[in-house]
Amino acid sequence: MPKPLVFFFLFVSLSTYSQPTVGLFLNDSLAYNGYTLFSPSSSTTSYLIDNCGRVVNTWASPFRPGSSLYLLENGNLLRTARVGGVFNAGGSGGRLELFDWDGTLMWEFNYASPIYHQHHDIEPLPNGNILILSWDLHDMDDAISSGRDTALLNAQGVWSEQIIEIKPIGQDSAVIVWEWYLWDHLVQDFDSSKNNFGVVADHPELLDLNFRAFGTGNGDWIHANSLDYNPQLDQILFSSRHLNEIYVIDHSTSTAEAATHEGGQSGMGGDLLYRWGNPMSYRRGSVADQTLFGQHDANWIEDSLPGGGNIMVFNNGLGRPAGSYSSVDVIHPPIDSLGMYIILPTMAFGPDSAFWSYVEQPSSDMFSARISGARRLPNGNTLICEGTSGHFREVTLDKTLVWEYVSPIRLGGAVSQGTNITQNDVFRASRYGENYAAFEGRDLIPGDRIELNPFAFDCTIFSTDSSGQDSMTTLIQRSVLLASVRVFPNPFQDHILIDNPHDEPIHMFVIDLRGRRVLERDLEAGETRIQTVNWPPSVYMIHLTSDSQSATIKILK
């Protein structure tokens, strides 16, 4: 991906030193200003850094991370932690911890036993409750009576999935207020004398108990690895690495309804409302139709953000026919006017492919066989965590790299600048804007960088306005050449005029709030008239790029 001139200036400022190997590589003015939260897999410390890579806060725990963590609006840190148990697999957690801003442990809760164990992800809810993703053990007898192919069984039985909602109580307790079990929503065509027998292709709302895409040495059949909640839809999204699929279920059900095929806003109980990534799993596609490959971090883009309502996923690319490379993919689920997901008889759920993807150039420059994640930011950029290399990137909608950082933490602690680091895994990274409620009244004076013996170089924090998004004036002023390009009228109706006073051609593309490209063309010198009669009323972002500069202008119809 192209790198702005700021990237060059950073390296010039290092004088005779070699290029950095860890820590901050790039902080361009087009990056979304805020604070990045991450928890290195090999460390018991969680870090919050500013856009210059300087530490703003840390939280220490006796336990290594279970995987995910969240900074809540009140300034508390909610994290998962890894404790021992019978479920020995990647992403194992078993414990939840809540720390205040100063690092004091306020609440702890273990969800681990011989038959269940929290893993990978949790999700804080608007009502203060927490969704937990957990393994759900079924022994060999239970699996066989449910129709599992005996050739797919071993002594560990089958690890299915459960999602529960808990309400924290006191300092070390919680009560379960809602439960959903995947085991209640199965189909199989292996043994007609056993439970769940049916025609798999006739039941895309159920999961084939005998479908397996990854060969596993233990009972971890699904290996779900992410959890997300949509408050507008009251739905839950989760991701299965081993089946190369993502799923949506209804959260509006009661626990009793969640165990059946009726009830809730959808009328489908706890059945799968939507699935995407591998239609072979329900016999409505072939190898050529598979689009996800060991993916992680499936999440809804918030409605208020560019691309709102769509689903973003880090597509790890493990086993991808085109080669080993990762991508960040955004899809638009097909939903009708009643809010139901559309699927035609004998057909697979759409879409056929992602409408926005980020792939490094060359593609092999970003590949993480496991963990990782990506999140849309308020200014339309996307923060990407290439997990196995602890490599964070922020890219714009036109796929320009504007911020880059490599975690300097591995087993044993931080390394010195210049070290060619390995084993610095990070499950996921999150960016919180400078106006996020958690920071109100907090001491945000940055300290040192995490790495030892850091390079001495200048880094500028580019502030944002009170809305948390870069002001249009600031965006235009960043590019001297493009600052004189005018777009009018604004607001507009049936047309816009773009005046390019320069001899140099300028490339332009327009993106709507869903992140879809509405128009793309080159602008010659002079005035260009663009018809917009067929554009729906909305906010649009015009992206202008030249050989060395870029700018963004927001317009309203």
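Begin by selecting C385 in this predicted model, a cysteine whose relative accessibility of 1% is under the 20% cut-off, so it counts as buried.

Next, select C52 and C459 together, and you will find that they form a disulfide, with their sulfur atoms 2.1 Å apart. If you look along the bond between the two sulfur atoms, the torsion about it is about -90 degrees, and therefore this disulfide is left-handed. Now show the surrounding elements: C52 sits in the loop between strand 3 (45-50) and strand 4 (55-60), while C459 sits in the loop between strand 29 and helix 4 (472-477), so the pair ties together parts that are 407 residues apart in sequence. Return for a moment to C385, which is in no disulfide, the nearest cysteine sulfur being that of C459, 20 Å away. Are the two partners buried or exposed? C52, at 1% relative accessibility, counts as buried, whereas C459, at 23%, counts as partly exposed.

From here, move to the largest pocket, which holds about 1,500 Å³ of space. To find its centre, select E73, E123, E302, Y432 and Y436, which lie nearest to that centre among the 45 residues of the lining. Colouring the lining by residue class would show 22 nonpolar, 14 polar and nine charged residues.

Finally, highlight the strands that each supply at least two residues of this lining, among them strand 5 (65-71), strand 9 (116-124) and strand 15 (224-230). Which strand gives the largest share of the lining? Strand 29 does, with five residues, and if you select 426-433 you will have this strand in view.

Technical notes: Residues numbered from 1 in each chain as written. Predicted model: local features only at pLDDT ≥ 70, side-chain atom pairs only at ≥ 80, totals over all residues. Heavy atoms only, no water. 1 Å grid on protein atoms, 1.4 Å probe; cavity = no way out; pocket = protein on both sides within 12 Å on 5 of 7 lines; lining within 4 Å. Points joined across faces, edges and corners; volume = space filled by probe spheres on them. Helix = DSSP H or I, 4+ residues; strand = E, 2+ residues; numbered from the N terminus. Nonpolar A, V, L, I, M, F, W, Y, C, P; charged D, E, K, R; others polar. Disulfide = S-S within 2.5 Å. Buried < 20%, exposed > 50% of the residue type's maximum accessible area, 1.4 Å probe, protein only.
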